Amino acid sequence: MARSSPGGAARRRSAGAPSIRDVAAAAGVSYQTVSRVLNDSPRVRPDTRRQVLEAIDRLGYRPNRAARALGLGRAHGVTVVTADTTLYGYASTLRGIEEAARPLGLSVGIRVVESERPDDVRHAVEYVSDPSAGGVVVIAFDAAGAAVLRALPLDVPAVAATEAGGLPDVPREMIFLDERQAASDATRHLLSLGHRTVHHVAIPSETGASARQAGWRDALERAGAPVPAVVPGGWEPRSAYRAGRALAADPLVTAVLCGNDTTAIAVRRALYDAGRDVPGEVSVVGFDDVPGAEFWTPALTTVRMDFAALGRACLAALLSDDADPAPRVKLDPPCLVVRESTAPPPTRTGM
């Protein structure tokens with residue numbers, strides 16, 4: 001699979017799927033002629049239409065159903081498959097999809113997949129496999145979304161928003177933000193303040209090799225700093241709070257990188273309940289830059305993630321084909337926003 005990184009994002013496409021230009025070359029016509037055949041235009045001679053259809057059959061070409069519907073000017077819909085509609089990253093990606101679809105006259109439906117259990121995945125796949133569902137965007141930040149993406153028939157037009165790096169061995173276009181570099185930047189920021197090392201409270205990763213976790217580890221190893229064991233935080237604030245209580249009990253812990261801002265606020269509360277000051281004794285960094293993070297006490301240092309632009313990019317990719325490519329959506333790379341929750345470690349620790 002090929003990769004590219006336009007505008008701070010990365011995209012992964014299927015390598016073997018024939019394109020409309022491959023069909024045009026095989027039939028000896030222009031790609032515009034192939035597009036007319038696909039759209040049942042009367043402006044194609046019967047013998048030319050037959051040549052194109054034979055090439056399509058021979059190559060096994062599957063046209064982008066969503067792009068064709070848009071090109072024909074018909075009202076059409078896009079269905080978003082997601083395991084969650086409330087967590088910030090999911091909700092913001094969904095908002096970006098809806099914002100991009102609205103001016104195009106496309107309706108946006110939501111199919112929630114309850115879990116990665118086979119029955120739940122099968123029901124979601126059956127629902128979006130119906131042509132009336134239109135094109136599909138899968139928010140595959142978790143095991144349930146990833147399972148749907150893997151199970152979708154290849155003739156269903158689909159694009160996925162994923163963790164950085166995408167899902168291995170999945171022949172789909174995947175769009176993602178470079179979380180790895182951002183996590184590395186956040187870790188280096190803490191090390192530059194004088195912290196001996198940085199602990200990491202992680203959110204779950206579908207790939208098993210979280211980009212946020214990898215960036216954190218990269219920065220520590222390059223600095224020659226100790227690499228503590230990753231502390232799993234889960235998706236629920238309560239599990240992050242328990243992780244924070246465990247870290248608060250260790251006086252050598254002076255810096256914590258959290259998997260997202262919800263985790264950060266739970267860890268911050270755990271430190272407060274244990275009598276440890278932030279940032280006087282422990283520095284805390286979040287991830288995502290949720291609305292209101294700058295108004296917390298202390299204001300949270302975090303990594304800003306443009307999930308809405310990620311959603312817009314997914315819709316643009318879904319509606320693009322070789323005959324009518326959609327303009328690329330610029331994705332700003334994630335960036336560290338330094339606020340009040342980070343500071344040099346206390347001198348009494350000797351760090």
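**Exercise 1. Decide whether Cys 258 is buried or exposed.**

Solution. Cys 258 has 0% relative accessibility, so Cys 258 counts as buried. Here buried means under 20% relative accessible area, exposed means over 50%, and partly exposed lies in between (1.4 Å probe, protein chains only). Next, take Cys 314. Its relative accessible area is 0%, so Cys 314 is buried. Last, look for disulfides, meaning pairs of cysteine sulfur atoms within 2.5 Å. A search of the whole structure gives zero.

A word on the model. It is predicted: local features need pLDDT of at least 70, side-chain atom pairs count only at pLDDT 80 or more, and totals for chains, interfaces and linings use all residues. Residues are numbered from 1 along each chain as its sequence is written, and side-chain values use heavy atoms, with hydrogens and water left out.

**Exercise 2. Describe the protein chain as a whole.**

Solution. Start with secondary structure. The chain has 12 helices and 13 strands. These are DSSP runs, numbered from the N terminus: helices are H or I with at least four residues, strands are E with at least two. Then check burial. Of the 351 residues, 52% count as buried. Finish with contacts, which are heavy atoms within 4.5 Å. Among contacts with a separation of 6 or more, 69% join residues 24 or more positions apart.

**Exercise 3. Find which residues touch the most other members of the largest nonpolar core.**

Solution. First, the term. A nonpolar core is a set of buried Ala, Val, Leu, Ile, Met, Phe, Trp, Tyr and Cys residues joined through side-chain atoms within 4.5 Å. The largest one holds 40 residues. Those touching the most other members are Val 137, Phe 141, Ile 175, Val 198, Leu 257, Phe 287 and Leu 315. Helix H12 (residues 307-318) supplies the largest share of this core, eight residues. Another core, of 24 residues, lies apart from it, and its members include Ala 144, Ala 147, Ala 160 and Met 174.

Now zoom in on Leu 257. Skip its neighbours within four places in sequence. Its contacts then include Val 198, Trp 216, Val 285 and Phe 287.

**Exercise 4. State how helices H8 and H9 cross.**

Solution. Two packed helices are described by the angle between their axes and the distance between the axes. Axes are lines fitted to C-alpha atoms, for helices over the stretch in contact, and angles run from 0 to 180 degrees between N-to-C directions.

Step one: H8 (residues 179-192) and H9 (residues 211-223) have axes that come within 7 Å and cross at roughly 40°. Step two: H8 is therefore oblique to H9. Angles under 35 degrees count as roughly parallel, over 145 as roughly antiparallel, 65 to 115 as roughly perpendicular, and the rest as oblique. Step three: the crossing is right-handed. A crossing is right-handed if the near helix is turned clockwise from the far one by less than a right angle, and left-handed if anticlockwise. Step four: find the residues that meet. Among them are Ala 183 and Thr 187 in H8, and Gly 215 and Trp 216 in H9.

**Exercise 5. Repeat the analysis for H10 and H11.**

Solution. H10 (residues 237-248) and H11 (residues 261-273) pack at about 45°, with axes 7 Å apart. They are therefore oblique to each other. Their crossing is right-handed. The residues that meet include Tyr 241 and Gly 244 in H10, and Ala 266 and Ala 270 in H11.

**Exercise 6. Locate the cis peptide bonds at Pro 279 and Pro 298, and the positive phi values of Asp 169 and Asp 289.**

Solution. Most residues other than glycine have a negative phi, and most peptide bonds are trans.

- Val 278 and Pro 279 are joined by a cis bond with omega about 10°. Pro 279 lies in the loop between H11 and strand S11 (283-285).
- Thr 297 and Pro 298 are joined by a cis bond with omega about -5°. Pro 298 sits in the loop between S11 and strand S12 (302-304).
- Asp 169 has phi near 65°. It lies in the loop between strand S6 (158-162) and strand S7 (173-177). Its relative accessible area is 74%, so Asp 169 is exposed.
- Asp 289 has phi near 60°. It lies in the loop between S11 and S12. At 11% relative accessibility, Asp 289 is buried.

**Exercise 7. Work out where Ala 299 is found and what it contacts.**

Solution. Ala 299 is in the loop between S11 and S12. Its relative accessibility is 6%, so Ala 299 is buried. Leave out neighbours within four places in sequence. Its contacts are then Ala 293, Glu 294, Arg 339, Glu 340 and Ser 341. Ala 299 and Ser 341 are 42 residues apart in sequence, but 6.0 Å apart in space, C-alpha to C-alpha.
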